Amino acid sequence: MEAKEGVVADALFSTLYAELHRLARREVNRRGPGGGFGVTTLLHEAYLSMSGKEDSVFVDHARFMAYAARVMRGLIIDDVRRRRSEKRGGMFHITSLGDNDTVNVMSPHALVLISDALDELAEVEPELAEIVDLKFFCGFSFAEIAAMRGVSERTIQRNWEKGRLYLHHAISADSAASSADAPHQP
């Protein structure tokens, strides 16, 4: 039975490879050059992480893609945290001459804040967190998410707005708290 489940998981991953590759490419592009992962490396690391979970059952395409997005986000955030640690020289920022080419690259600090806020949201409102994962990290359109979840596009848009508001509030509160804790210089 175990071998059959492995074959089914491999078949599912092969079927969705192009879609998962798109997701990985989007995340790597968001990080910009100098990120720790290439597209294929991120995708394969996610596969290794996902295939190592024996009790993973996905009832539908949306749940699988949301789980894949969380795994990729976790890998990226772990990499960002590892790179930023002072033990490894994280207080230094290495730049290259081509940095001007990366217009929509998120800062590592912003990614960590978003990830932490999204984890908090998942504890309070798991459905909203999943929609944010599918939209923000997977790059799905409202229509695609609505079709996956079997609800109207407008419902997804409303839930997206609720999730964004929660994240904005959580990130703003965290930023205000960290700036209040920072020592003021004359």
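Me: Is Asn 159 buried or exposed?
Reply: Asn 159 has a relative accessibility of 15%, to be judged on a scale where under 20% relative accessible area is buried, over 50% is exposed and the range in between is partly exposed (1.4 Å probe, protein chains only). The model is predicted, so local features need pLDDT of at least 70 and side-chain atom pairs count only at pLDDT 80 or more, while totals for chains, interfaces and linings use all residues. Residues are numbered from 1 along each chain as its sequence is written, and side-chain values use heavy atoms, without hydrogens and water.

Me: Which residues is Asn 159 in contact with, leaving aside its neighbours within four places in sequence?
Reply: Asn 159 belongs to helix α8, residues 153-181; a helix here is a DSSP run of H or I with at least four residues, numbered from the N terminus. Contact means heavy atoms within 4.5 Å. Beyond four places in sequence, the contacts of Asn 159 are Leu 128 and Ile 131.

Me: At what angle do the axes of helix α5 and helix α6 cross?
Reply: An axis is a line fitted to C-alpha atoms, for helices over the stretch in contact, and the angle runs from 0 to 180 degrees between N-to-C directions. The axes of α5 (residues 108-124) and α6 (residues 126-137) come within 6 Å. Their crossing angle is roughly 145 degrees.

Me: Which residues in α6 meet those in α5?
Reply: From α5, the residues taking part are Ile 114, Leu 118, Leu 121, Ala 122 and Val 124. On the α6 side they meet Pro 126, Leu 128, Ala 129, Val 132, Asp 133, Phe 136 and Phe 137.

Me: Which aromatic pair is edge-to-face?
Reply: Rings of Phe, Tyr and Trp (its six-membered ring) pair if their centres lie within 6.5 Å; planes under 30 degrees apart are stacked, over 60 edge-to-face and the rest tilted. By this rule the count is 1 aromatic pair. With 6.2 Å centre to centre and 65 degrees between the planes, the edge-to-face pair is Phe 142 and Trp 160.

Me: How many residues apart are Phe 142 and Trp 160?
Reply: Phe 142 is in helix α7 (residues 142-149) and Trp 160 is in helix α8. Phe 142 counts as buried at 18% relative accessibility, and Trp 160 counts as buried at 12%. The pair links distant parts of the chain, and the separation is 18 residues.

Terms used
Helix = DSSP H or I, 4+ residues; strand = E, 2+ residues; numbered from the N terminus.
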